[in-house]
Amino acid sequence: MKRYIVLFLLFISFSGFAQTSVNNYKYVLVPEKFSFLKENDQYRLNTLTKYLLQDKGFTPYFDNSELPTEIANNKCSALQVEVLEKNGMFTTNLTLLLKDCKGNIIFKSKEGKSREKEFKTSYNLALRDAFTSLDEVHYAYNGTTNVQEQAVVTTPVAVASASIPSSTAVAAAASQPAAKIVTGTAIATQPAGTLYAQPTTNGYQLIDTTPKKVLTLSRTSVQDYFIADNGTSNGIVLKKNGEWFFEYYKEDKLMAEKLLIKF
């Protein structure tokens with residue numbers, strides 16, 4: 001009889017463990033500094049972590065920012081991010097951990113790797129490689145923690161094409177002021193998501209979260225003004241009123257696409 005009781009208790013404990021997954025959580029807290037780095041958001045790695053989590057469907061916040069009531073009243077409603085580095089002679093090795101409020105590991109990624117020599121690029125690519133493990137989870141919040149949805153106020157932005165914006169682009173556009181449109185001259189399109197600038201010999205290449213090269217920027221003698229090429233159109237990328245735009249001609253019309261660039 002005692003044997004059956006022990007087996008029953010073991011079954012319950014294993015069942016409880018199995019039911020705890022990333023799908024039980026909507027929110028994720030990202031630290032302002034990872035333990036293996038010396039500065040806050042060094043190499044923009046913490047910012048990249050936040051954007052990659054958002055791209056996977058989570059609702060991330062920096063742990064030092066003003067938090068919504070749901071998290072402020074119950075920190076256990078959010079997962080916490082930890083990124084670990086393993087020393088390598090010629091490679092950068094990063095592992096992503098998602099922990100609950102008690103420190104239990106809910107998700108552990110594979111070891112993301114990069115052989116790039118430049119630190120910023122190497123950390124960036126290694127972290128993106130580690131994040132690919134989340135693709136196998138097929139994350140979808142199931143409402144288990146009963147965190148109420150927050151109202152999101154969006155700012156309308158004129159769109160030049162009929163393409164459907166990604167969830168990342170919608171969230172980014174909500175925090176941006178509406179773009180001005182010059183009738184008959186230029187049309188400002190909604191940002192398609194954050195692009196990350198990687199240094200090249202003559203300027204930068206902008207990559208998305210795939211990662212895929214989206215734009216090539218070549219320096220000019222004017223600050224914040226680049227010659228740009230996206231493979232199909234040539235134009236310029238410039239900064240106006242604190243925001244970046246890609247301007248080019250399409251069927252004799254001057255087009256202007258707003259960009260979200262992280263240098």
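Two strands pair if DSSP finds at least two bridges between them, and helices (H or I, at least four residues) and strands (E, at least two) are DSSP runs numbered from the N terminus. This is a predicted model, in which local features need pLDDT of at least 70 and side-chain atom pairs count only at pLDDT 80 or more, while totals for chains, interfaces and linings use all residues. Residues are numbered from 1 along each chain as its sequence is written, and side-chain values use heavy atoms, with hydrogens and water left out.

**View 1. Strand 7 and its partners.** Strand 7 (residues 194-199) is largely enclosed by the rest of the structure, because 5 of its 6 residues are buried (under 20% relative accessible area, with exposed over 50% and partly exposed in between, for a 1.4 Å probe and protein chains only). Strand 7 runs parallel to strand 13 (residues 253-262), to which 3 bridges join it, and Tyr 196 stands opposite Lys 262 of strand 13. With strand 8 (residues 203-207) the arrangement is antiparallel, with 4 bridges, and these two strands form a hairpin with 3 residues between them. Gln 198 has Gln 205 in strand 8 as its bridge partner.

**View 2. The largest nonpolar core.** A nonpolar core is a set of buried Ala, Val, Leu, Ile, Met, Phe, Trp, Tyr and Cys residues joined through side-chain atoms within 4.5 Å. The largest one has 28 residues, and Leu 45 and Val 81 have the most contacts inside it, where contact means heavy atoms within 4.5 Å. Among the elements giving two or more residues to this core are helix 2 (45-56) and strand 3 (78-86).

**View 3. Confidence along the chain.** The protein chain averages a pLDDT (the predictor's confidence in each residue, from 0 to 100) of 79, and 74% of the residues score at least 70.
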